[in-house]
Amino acid sequence: MDNKVPPRYFARPPQKFMGGLGLRSQHYPYLLETKPKYCSWFEVISENYMETEGRPIVILEKLRQDFPIALHGVSLSIGSPEPINLEYLIQLKKLLNRVDPFIVSDHFCWTGAHSINSHDLLPIPYTKKNLSLVIEKVNQVQDFLNRPILLENPSAYITFDYNEMVETSFISQVCQKSGCGILLDINNVYVTCNNFNLNPFDYLDQIPIEKIGQIHLAGFTDMGSFLYDTHSNPVHNNVWRLFEYLMNKKWEVPVMIEWDDDIPEFDVLENELLKAIEIQSRVFLNIQNKILTDKNLILDSSTSNSSKLLLES
Ligand SMILES: [Fe+2]
């Protein structure tokens with residue numbers, strides 16, 4: 001099989017208001033037969049398509065002919081004190097060369113140690129030592145892949161007494177000092193802030209807006225004493241509010257819906273995505289109208305000033 005993506009399918013970012021969905025195997029048959037109504041790009045879990053020549057990579061390459069693809073990893077373990085797994089990076093780079101994604105991302109987390117993979121996104125203690133460690137590892141990854149990556153803010157259920165900074169400060173400094181970007185999961189922001197009694201709007205205000213390269217929206221499960229990031233429900237109304245708040249700061253960013261458990265029919269996901277596209281479009285139109293109104297006001301005032309000057313002369 002020819003592993004090279006034909007030149008006409010080189011990475012291209014989605015257009016304005018074009019939302020994406022996580023590609024899940026349950027929807028392969030549907031997508032092979034049906035053109036999506038609103039979904040304009042797909043995010044795939046990188047590990048599911050590495051070291052395989054099976055059906056998933058064949059279908060991914062077929063979809064890649066029509067859709068931009070974002071690669072989202074879960075095994076980089078950027079927060080682990082252990083060195084980056086070179087074999088993993090080699091496999092990831094092979095996949096990059098094959099798929100030519102417009103985004104490559106992973107998480108602010110660690111996933112294991114001593115060759116044990118927990119298959120969980122474990123929290124990083126936000127210390128100065130770990131800040132230096134993560135920056136160094138992000139630099140290594142980006143140098144190896146020869147491109148910047150995005151890292152996703154986690155959903156948090158525990159915190160460390162010995163944290164030396166808040167999460168937003170840790171994330172901001174990693175981005176500033178390594179050049180990586182943020183995959184901002186607004187559901188994770190809501191879950192974390194709810195679990196630790198923080199204000200999610202403050203969280204969004206503290207994130208360097210220019211570093212956001214992609215947005216995740218998802219649904220959580222209310223466990224009574226805490227919120228659990230299950231990706232098994234529609235996006236909560238409060239998360240939509242946060243999304244609209246963020247859109248007013250930066251609307252031109254790829255947005256997608258994550259749904260990983262109790263996965264519904266594809267059109268249910270598309271209808272959820274449509275809500276995001278409608279909010280994004282509405283914010284854009286409001287901003288455009290405001291710009292036009294401001295321009296007209298400037299024109300009006302300059303016209304009346306020049307008329308005044310003419311009269312005076
Ligand atoms: Fe996410």
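**Helix packing and a hairpin**

Mentor: This is a predicted model. In it, α4 and helix α5 (residues 167-178) pack with their axes 9 Å apart, at an angle of about 40 degrees.

Trainee: Which residues make the contact of α4 with α5?
Mentor: On α4, Leu 131, Val 134, Ile 135, Val 138, Asn 139 and Gln 142; on α5, Phe 170, Gln 173, Val 174, Lys 177 and Ser 178. They divide into six nonpolar, four polar and one charged.

Trainee: What is the angle between α3 and α4?
Mentor: Helix α3 (residues 86-99) and helix α4 (residues 128-145) pack at about 45 degrees, with their axes 10 Å apart. That angle makes α3 oblique to α4. The crossing of α3 and α4 is right-handed. Leu 89, Lys 93 and Leu 96 of α3 meet Val 141, Phe 144 and Leu 145 of α4. Of these residues, five are nonpolar, none polar and one charged.

Trainee: How do you know that β5 and β6 pair?
Mentor: Pairing takes at least two bridges. Strand β5 (residues 110-113) and strand β6 (residues 116-122) have three, in the antiparallel sense, and therefore count as paired. Ala 113 stands opposite Ile 116 in β6.

Trainee: What lies between the strands of the hairpin?
Mentor: Two residues; His 114 in the turn has a positive phi of about 55 degrees.

Methods: Residues are numbered from 1 along each chain as its sequence is written. This is a predicted model: local features need pLDDT of at least 70, side-chain atom pairs count only at pLDDT 80 or more; totals for chains, interfaces and linings use all residues. Helices (H or I, at least four residues) and strands (E, at least two) are DSSP runs, numbered from the N terminus. Axes are lines fitted to C-alpha atoms, for helices over the stretch in contact, and angles run from 0 to 180 degrees between N-to-C directions. Angles under 35 degrees count as roughly parallel, over 145 as roughly antiparallel, 65 to 115 as roughly perpendicular and the rest as oblique. A crossing is left-handed if the near helix is turned anticlockwise from the far one by less than a right angle, and right-handed if clockwise. Two residues are in contact if their C-beta atoms, placed from the backbone, lie within 7 Å. Ala, Val, Leu, Ile, Met, Phe, Trp, Tyr, Cys and Pro count as nonpolar, Asp, Glu, Lys and Arg as charged, and the others, Gly among them, as polar.
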